[in-house]
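User: Hey, I've just opened this one and I'm new to it. Can you walk me through it?

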Amino acid sequence: MYILTYRVCFGGIRLKILSAKDYSEMSSIAAEIIANIVKEKPDAVLGLATGNTPIGMYKKLIEMYKAGEVDFSKVKTVNLDEYVGLGADDQNSYRAYMNKNLFSGINIDINNTNVPNGLAADIEAECKRYEDVIKRLGSQDIQVLGIGVNGHIGFNEPSITFNKGTHVVELTDSTIGVNSKIFKNLAAGAKAITMGIKNIMNAKQILLIADGDSKKDILRKALYGEITPNVPASVLQLHPNVTVVEACGLGIK
Ligand code: F6R
């Protein structure tokens, strides 16, 4: 059983916060939210995230597909980000992650899935191409987000502006530190292409998932603290349709 809290923000915007008892419950609730969107709109555009947090949610979506509860044949997807220098053949790439953790387990048309191309010769041109892909798809019916320990969403690191489309980022030391568990060669994890906050905020609905003690403080700051690009996730206080599903213990006072 989860705890439901509403955080009423400036202008009467209400963030819906579902506090789950554990990772498994968080994953089930999040998968249910996505599946319901696809049931209502079979050709929905799903904005997707990678990282550790969504793995359980993707597993549940695969289970739901296998049980005949949801059909992904018309769904389109657009991912948040990709490391510069990594392609589908590299198991650390986000394209490989998506193929492994979701796409290979459901009946999605792989041609309807979009992840920035980390191997593009001209990275600036790739950002422009990806921006066009996002525009052509129209706004995401739902955008899934994780949150970094520094408050990043996508790879939008703490900065001075929220106002960016798809762009190249130099990852911060904190993010590289977290990623160094994955990358032996640190240079491979130092730069990324990311959807910008502008693209994220354009989604019709946002689903932020967060798990574990290490995310509790930053999640509280993002949801209840000052709205500042220094805590990129705090921008969500300005979006009219955000659901947070967390298993960080935020709901346990
Ligand atoms: C992933 C992404 C990142 C992660 C964040 C949390 O596509 O854009 O913002 O969501 O770094 O990662 P985990 O879930 O591994 O803690």
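Predicted model: local features only at pLDDT ≥ 70, side-chain atom pairs only at ≥ 80, totals over all residues.

User: Okay, in what order do the eight strands of the open sheet run?

Analyst: The order is β1-β2-β11-β10-β7-β3-β4-β6, and the pairing is mixed. Strands here are DSSP runs of E with at least two residues, helices are runs of H or I with at least four, and both are numbered from the N terminus. Two strands pair if DSSP finds at least two bridges between them.

User: And which strands stand at the edges there?

Analyst: β1 and β6 (113–114) do; each has a single partner strand, so one side of each is left without a neighbour in the sheet.

User: How do β1 and β2 pair?

Analyst: β1 (residues 3–8) and β2 (residues 14–19) are antiparallel, with six bridges. One of the pairs is V8 with R14 in β2. The two strands make a hairpin with five residues between them, and G11 in the turn has a positive phi of about 80 degrees.

User: What about β2 and β11?

Analyst: Those run parallel, and four bridges join β2 to β11 (residues 242–247). K16 sits opposite T243 in β11, and S19 has E246 of β11 as its bridge partner.

User: Let's move to β7. Which strands does it pair with in the parallel sense?

Analyst: β3 pairs with β7 in the parallel sense over two bridges, with G47 partnered by Q143 in β7. β7 and β10 are also parallel, over three bridges, and V144 stands opposite L207 in β10.

User: Where is D141, and is it buried or exposed?

Analyst: D141 is in the loop between α4 and β7. With 10% relative accessibility, D141 counts as buried. Setting aside residues up to four places away in sequence, D141 touches I37, K41, A44, V45, K204 and Q205; contact means heavy atoms within 4.5 Å.

User: Which strands does α1 touch when it packs on the sheet?

Analyst: α1 touches β2, β3 (45–48), β7 (142–145), β10 (206–211) and β11, and its direction makes about 165 degrees with that of β10. Angles run from 0 to 180 degrees between N-to-C directions, and axes are lines fitted to C-alpha atoms, for helices over the stretch in contact.

User: And α4, what does that lie across?

Analyst: α4 lies across β3, β4 (76–79) and β6, at about 145 degrees to β4. Helix α4 (residues 123–137) also lies across β8 and β9, at about 125 degrees to β8.

User: Which sheet has β8 and β9 in it?

Analyst: They belong to an open sheet of three strands, ordered β5-β9-β8 with antiparallel pairing. β5 (81–83) and β8 (167–170) are its edges, each with a single partner strand, so one side of each has no neighbour in the sheet. The twist averages 25 degrees from one strand to the next. β8 and β9 (residues 191–194) share four bridges, and V168 is partnered by I193 in β9.

User: Switching to helices: how do α2 and α3 pack?

Analyst: α2 (residues 55–66) and α3 (residues 94–101) pack at about 40 degrees, with axes 10 Å apart. α2 and α3 are therefore oblique to each other. On the cut-offs, under 35 degrees is roughly parallel, over 145 roughly antiparallel, 65 to 115 roughly perpendicular, and the rest oblique. I55, Y58 and I62 of α2 meet Y97, M98 and N101 of α3.

User: Last one: which residues touch the most other members of the largest nonpolar core?

Analyst: L46, L61, F72, L102, L207 and L219 do, out of 66 residues in that core. Its largest share, nine residues, comes from α1 (residues 23–40). A nonpolar core is a set of buried Ala, Val, Leu, Ile, Met, Phe, Trp, Tyr and Cys residues joined through side-chain atoms within 4.5 Å. A second, separate core of eight residues includes Y94, V169, L171 and I176.

Key. Residues numbered from 1 in each chain as written. Heavy atoms only, no water. Buried < 20%, exposed > 50% of the residue type's maximum accessible area, 1.4 Å probe, protein only.
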